[in-house]
Amino acid sequence: MMENTEGQAKPQFSFAEGEVLLIDKPLTWTSFDVVGKLRNSIKPMKVKVGHAGTLDPLATGLLIVCTGKMTKQIDGFQAEDKEYTGTITLGGSTPSYDLETAVDVTMPTDSITEEAIYAAAATFLGPQEQYPPAHSAIKIGGERVYEKARRGEQVELKARKVDIMAFDVVKIEMPVVHFRIKCSKGTYIRSIAHDFGKALGNVAHLSSLRRTKSGEFDVKDAWDLQELINHVREQKNQVV
């Protein structure tokens, strides 16, 4: 693995042999956008490029991108536990459980106490079954369910087993709750936000999200995407 470590010489990449690149995904970019941008920067070299775990467009943070022979390790990286920070906004829900769609239901939050917020967070700890959002990339009949949801079709999704190892309330600025969550593969933080509102007898949505860790990898070691692209282009003639 080659990392962008401050104060050290920039690495020479061997994309065909295989690299594990840690990238800080920008806001509004899809994970596919990041992979495509990197693949284009490597051209005309024909090398496999893939990511190890999707991040929603409205999320930022750690995206693991593998090239060449290291793409065989993607499944292993995807299976690792993840850590996130972000904010849940109480008093308003959205169909997508985040800000991809507009708030459609509101409730007053005056009666929600800080004690209730901490108590609600504690109820999410441990193994459990979670229902994914209707606006998700899960496929039904070969089609992403968010496409069905955008057409207004009703989608019935099965619950999935997940494990929440940590749900820390970092700060409360009503109606916004700042959090840190450590969880197993496949956990939808948007669903946690939605269910968190329910646990408080209210409604809520995910208003920001950042992936900070995946397994042993940390976003503090990640490349800024444009800096990485610039470096790849500079070094293209020297890449093996």
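This is a short chat about the predicted model shown above.

User: Before we start, what should I know about the model and the numbering?
Analyst: It's a predicted model, where local features need pLDDT of at least 70, side-chain atom pairs count only at pLDDT 80 or more, and totals for chains, interfaces and linings use all residues. Residues are numbered from 1 along each chain as its sequence is written, and side-chain values use heavy atoms, with hydrogens and water left out.

User: OK, how many helices and strands in the protein chain?
Analyst: Six helices and 14 strands. Those are DSSP runs numbered from the N terminus: helices are H or I with at least four residues, strands are E with at least two.

User: And how much of the chain is buried?
Analyst: Buried residues are 47% of the 240 in the protein chain. Buried means under 20% relative accessible area, exposed means over 50%, and partly exposed is in between (1.4 Å probe, protein chains only). The accessible surface comes to about 12,400 Å², with 49% of it on carbon and sulfur atoms; the areas are Shrake-Rupley with a 1.4 Å probe, and for residues only the protein chains shown count as cover.

User: What share of the contacts join residues at least 24 apart?
Analyst: 69%, taken among contacts between residues at least 6 apart in sequence. A contact here is heavy atoms within 4.5 Å.

User: Let's go inside. Which residues have the most contacts in the largest nonpolar core?
Analyst: Ile-88, Leu-90, Ile-117, Phe-167, Ile-189 and Phe-196, in a core of 27 residues. A nonpolar core is a set of buried Ala, Val, Leu, Ile, Met, Phe, Trp, Tyr and Cys residues joined through side-chain atoms within 4.5 Å. At least two residues each come from β4, α3, β10, β11, α5 and β12 (204-214), and β10 gives the most, with five.

User: What does Phe-196 touch?
Analyst: Leaving out residues up to four places away in sequence, Phe-196 touches Ile-88, Leu-90, Ile-117, Ala-120, Ala-121, Phe-124, Phe-167 and Val-177.

User: Which residues of α3 are buried?
Analyst: Ile-117, Ala-120 and Ala-121, in a helix that covers residues 114-122. Seen down the α3 axis, they fall within an arc of 100°, so they line one face of the helix. That arc is the one spanned by the directions from the helix axis to the C-beta atoms.

User: What do they pack against?
Analyst: The buried residues of α3 pack against β4 (82-90), β10 (160-173), β11 (176-183) and α5 (189-199).

User: Switching to charges: how many salt bridges does the structure hold?
Analyst: Six, where a salt bridge is a side-chain nitrogen of Lys or Arg within 4 Å of a carboxyl oxygen of Asp or Glu. Asp-24 and Arg-210 make one, at 2.7 Å from N to O. Asp-24 is in strand β1 and Arg-210 in strand β12, so the pair ties together parts 186 residues apart in sequence.

User: Is Asp-24 buried or partly exposed?
Analyst: Partly exposed, at 22% relative accessibility. Arg-210 is partly exposed too, at 27%.

User: What about Arg-190 and Asp-56?
Analyst: Their side chains meet in a salt bridge at 3.1 Å, N to O. Arg-190 sits in helix α5 and Asp-56 in the loop between β2 (49-51) and β3 (59-67), 134 residues apart. Arg-190 counts as buried at 3% relative accessibility, whereas Asp-56 is partly exposed at 28%.

User: Last one: where is Leu-225, and what does it touch?
Analyst: Leu-225 is in helix α6 (residues 225-235), and it's buried, at 4% relative accessible area. Not counting residues up to four places away in sequence, Leu-225 touches Ile-23, Asp-24, Pro-26, Trp-29 and Val-34. The C-alpha atoms of Leu-225 and Ile-23 are 6.0 Å apart, though the two residues are 202 apart along the chain.
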